[in-house]
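Please brief me on this two-chain model.

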Amino acid sequence: MEQPKISLDLILANLAEDAEKTQERVTKASEVLLSPLHTDLATTPYDVVWQEDRVKLKHYRTDGEKALKTPLLVVYALINRETMLDLQPDRSVVKTFMNSGLDLYMLDWGYPTRKDRYLTIDDHVNCYIDGAVDFIRERTGAEKINLMGICMGGTFCVIYSALHPEKIRNLVTTVTPSSFDTQKGLLHIWMRAIDVDKLVDTFGNLPGDVMNMGFLLLNPARLMIDKYVGFFENMDNRAFVENFVRMEKWIFDSPDVPGETFRQFVKDCYHGNLLIQNKLEVGGKRVDLKRITMPLLNFYGKFDHLVPPEACDKLTKAVGSKDTEDICLDTGHIGIYVSSKTQREFAPKIVRWLTERDGAPAAAQKPAKRAGVLVVKAAPAAKTAKGKGKARKKPAAPRTRSGKAPADRTTGRESMEAR
Amino acid sequence: MSAEQPGKSQPEFPLADWMKQSQEFWTTWMRAASQPREAVEPQESPRRTTGPGAARGRVQEGWETAFRMWQSLSAAASDPTSADAAVKGMETLPDFYMKLAQAGWLAVMKIQERMVEKAGKIGQKTEAYHFEAIDQNLINAWKEIYEEEFRQFYQIPQLGLMRYYQERFNECMDRMNLFQAAFSEFLYVLSVPVEKTSKVFQEKLEELQLEGKIPDKSRDYYQLWLRILEGHYMTLFQSPEYLEALRNMLGHLDSFIASKNSVLQDVLQFLPVPTNKEMDELIKDLHVFKRRVRELERRVKTLEKGSSPANG
């Protein structure tokens with residue numbers, strides 16, 4: 001059998017062309033890298049309106065009337081920082097919320113130090129979150145507020161809503177682990193393998209760098225090689241470089257996690273899977289998910305390697321609420337907030353859903369008067385499913401040839417889909 | 001006591017001659033030094049307990065005590081039995097150093113042996129996407145040698161006032177070595193997918209070549225290599241071998257940091273700064289107080305609400 005010929009001349013010609021292009025790119029890149037770059041994160045203006053220890057409550061400034069009468073409190077995870085929701089002006093969940101007329105508050109957990117090592121989940125939920133919720137209720141006169149949680153912050157919000165249902169009107173959970181008995185996510189597998197007692201006893205707080213190293217190891221081929229190859233290929237593109245640097249800033253801005261909180265979270269959740277079984281105890285009280293009777297919107301990512309869908313999709317079945325909705329987006333753990341595709345689906349959906357459930361006469365139902373402010377009209381209510389009346393929306397997920405989540409290559413964010 | 005056997009000479013302490021000579025020298029010197037005082041001060045006069053004369057007397061007494069000790073020591077050293085013991089003791093020192101050197105040499109030889117073995121394995125079939133039999137011979141070689149040959153030196157019982165400090169320092173060194181071995185093992189496990197990927201990549205290229213589909217752009221080669229590498233890592237990260245290496249590395253890291261902190265704690269105790277241990281105790285107390293205050297605040301608020309006029 002004749003062996004097909006290799007077009008060696010073509011390969012060599014392409015290599016020569018590549019070398020030429022690289023030289024040109026590097027020349028341009030030096031101009032870009034040596035000039036001033038705009039890489040600031042979280043530029044939407046806000047005021048710190050409440051503070052307890054290291055924890056601050058941000059209130060985003062609005063100049064017009066509020067479309068919803070119920071304020072929204074966003075609780076981020078203790079891992080990484082809430083600046084991810086306001087990464088850059090054109091991809092900012094915060095901006096979308098603001099433009100929709102939400103009265104937005106966000107909890108900034110700050111940077112835990114050695115003095116925070118003994119703080120438990122109880123302190124975070126029943127002191128900090130509860131303190132912020134009470135402050136907002138008092139400040140706005142609202143009897144109940146809307147609560148939105150992200151990842152571990154979502155788990156805290158679930159716990160809080162079960163312990164203090166009288167203070168929460170609507171609950172939104174995003175990439176929130178609630179059921180930990182799955183072998184799908186690497187994090188779930190690894191968390192079972194580690195000796196958390198030894199780790200916490202040694203370090204006090206879990207160092208952010210240790211966690212970041214763990215996250216990089218989730219997919220070293222993409223996160224430690226391909227990501228930087230992508231940067232090298234686009235480093236003559238100013239917008240790309242600025243976005244890339246913003247993302248790098250966010251990724252490696254990793255506060256330590258208070259030791260006792262980490263210990264409890266790993267033992268009670270990853271090892272014991274107590275939350276979904278209504279066996280978790282926080283502050284001496286059992287967390288009964290059936291007490292979550294307020295409407296619940298639950299988002300998760302189909303390609304989330306950190307918190308896989310299996311860890312998220314059981315929550316709506318476990319709560320006592322009859323108004324629940326699951327939304328599985330075709331993206332990863334971070335892409336849900338920052339990819340251009342989900343920017344159009346994620347935040348606007350939350351605004352619509354909250355508007356529908358804002359209760360009494362709201363500014364949302366009035367026509368927008370302010371210039372440049374989008375007032376989202378209430379969409380038809382979600383259909384209730386049979387039996388418990390759950391509305392579920394799980395769109396079919398188109399996949400790329402490589403089997404990965406489709407993402408925006410121009411910003412190099414595809415690599416971050418692994419997180 | 002055994003009598004000296006005829007025909008068998010006693011071992012002579014190597015420094016006996018020098019000790020004898022120095023003893024004679026210091027005896028002469030001491031006599032000369034004490035003479036003027038005896039000439040000036042009559043024997044029957046009471047000894048002065050204060051003033052410069054008394055100070056000189058204490059110095060001289062000190063000299064005399066030291067001299068008598070030296071006399072006793074040199075006499076003991078000149079004793080054939082003691083000399084025998086001392087010589088034997090000194091003979092063991094080279095033995096000790098020899099053992100240490102032997103252990104080091106053995107380690108080098110064993111590592112070299114493993115390297116040769118490993119070199120012989122190059123070219124053998126690499127099982128793609130399987131990590132059950134990760135070849136860790138080289139890493140294990142150092143680990144075994146350290147545990148068998150070197151570790152015992154750090155476990156020699158320590159004596160005296162500083163024994164606990166020395167023990168903690170030795171423990172820290174021991175744990176650092178164990179961590180380094182575990183870390184090397186972990187890094188090796190992480191490097192295995194790269195090795196396997198090269199092999200699979202080569203096979204893929206051969207396949208593509210046979211099919212006449214060989215890529216002509218460097219980016220396509222890179223993407224192919226990256227996909228294979230990613231696949232290998234995904235398989236590795238779920239394997240029990242990786243989990244064991246991770247657990248082992250983290251366990252040794254924890255142990256090393258804990259023992260390093262103990263040594264630092266010892267050092268910090270000598271400085272006018274609070275140690276981490278002390279700060280942690282204080283922080284814990286504050287934490288407990290804050291919780292109590294918060295709980296009391298809640299109760300007060302509840303009581304206030306209950307006793308407000310609106311509630312009757």
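## Briefing

B:E167 is partly exposed, at 34% relative accessible area; that class lies between buried (under 20%) and exposed (over 50%), with a 1.4 Å probe and protein chains only. This is a predicted model, in which local features need pLDDT of at least 70, side-chain atom pairs count only at pLDDT 80 or more, and totals for chains, interfaces and linings use all residues. Residues are numbered from 1 along each chain as its sequence is written, chains are lettered from A and ligands numbered from 1 in the order in which they are written, and side-chain values use heavy atoms, with hydrogens and water left out.

**Salt bridges within chain B**

- B:E167 and B:R163 meet through their side chains in a salt bridge, 2.6 Å from N to O. The term requires a side-chain nitrogen of Lys or Arg within 4 Å of a carboxyl oxygen of Asp or Glu.
- Both B:E167 and B:R163 sit in helix α5 of chain B, four residues apart, about one turn of the helix. Helices (H or I, at least four residues) and strands (E, at least two) are DSSP runs, numbered from the N terminus.
- An α-helix has 3.6 residues a turn, so residues three or four places apart point the same way.
- B:E295 and B:R299 form another salt bridge, with the closest N and O atoms 3.6 Å apart.
- B:E295 and B:R299 are separated by about one helical turn because they are four residues apart in helix α8 of chain B.
- B:E295 is partly exposed at 35% relative accessible area, while B:R299 is exposed at 52%.

**Salt bridges: the wider count**

- Over all chains, the whole structure holds 37 salt bridges.
- In chain A, a network of salt bridges links A:K58, A:R81, A:E82, A:D108 and A:D253.
- Side chains of opposite charge can pair when their charged atoms come close.

**The interface between chains A and B**

- In chain A, 42 residues are in contact with 45 residues of chain B. Contact means heavy atoms within 4.5 Å.
- Chains A and B bury about 3700 Å² between them, 59% of it on carbon and sulfur atoms. This is the accessible area (1.4 Å probe) that two parts lose on being put together, summed over both.
- Eight salt bridges are counted between chain A and chain B.
- One salt bridge pairs B:R219 with A:E233, their closest N and O atoms being 2.1 Å apart.
- A:R114 forms a salt bridge with B:D280, at 2.8 Å between the closest N and O atoms.
- A:R114 lies in the loop between β4 (104-108) and α3 (121-140) of chain A, and B:D280 in helix α8 (residues 276-307) of chain B, so the pair joins two chains.
- A:R114 is partly exposed, at 32% relative accessible area, whereas B:D280 is buried, at 9%.

**Chain A overall**

- Chain A has 15 helices and eleven strands.
- Of its 419 residues, 60% count as buried.
- The accessible surface of chain A comes to about 17000 Å², and 53% of that belongs to carbon and sulfur atoms. Accessible areas come from the Shrake-Rupley method with a 1.4 Å probe; for residues, only the protein chains shown count as cover.
- Among contacts in chain A with a separation of 6 or more, 80% are between residues 24 or more positions apart.

**Buried parts of chain A**

- Helix α5 (residues 186-193) of chain A is mostly covered, with seven of its eight residues buried.
- Those buried residues are A:L186, A:L187, A:H188, A:I189, A:W190, A:M191 and A:A193.
- The buried residues of α5(A) pack against α7 (208-216), α10 (259-271) and α11 (309-312) of chain A, together with α6 (218-237) and α7 (240-268) of chain B.
- A:S178 lies in the loop between β6 (168-174) and α5 of chain A, and counts as buried at 0% relative accessibility.
- Leaving out residues up to four places away in sequence, A:S178 touches A:N273, A:L275, A:I276, A:A311, A:C312 and A:L315.

**Cysteines**

- Zero disulfides are found over all chains. A disulfide is a pair of cysteine sulfur atoms within 2.5 Å.
- A:C157 is in no disulfide; the nearest cysteine sulfur, that of A:C151, is 11 Å away. A:C157 is buried, with a relative accessible area of 0%.
- A:C328 is in no disulfide either; the nearest cysteine sulfur, that of A:C312, is 8.7 Å away. A:C328 counts as buried at 8% relative accessibility.
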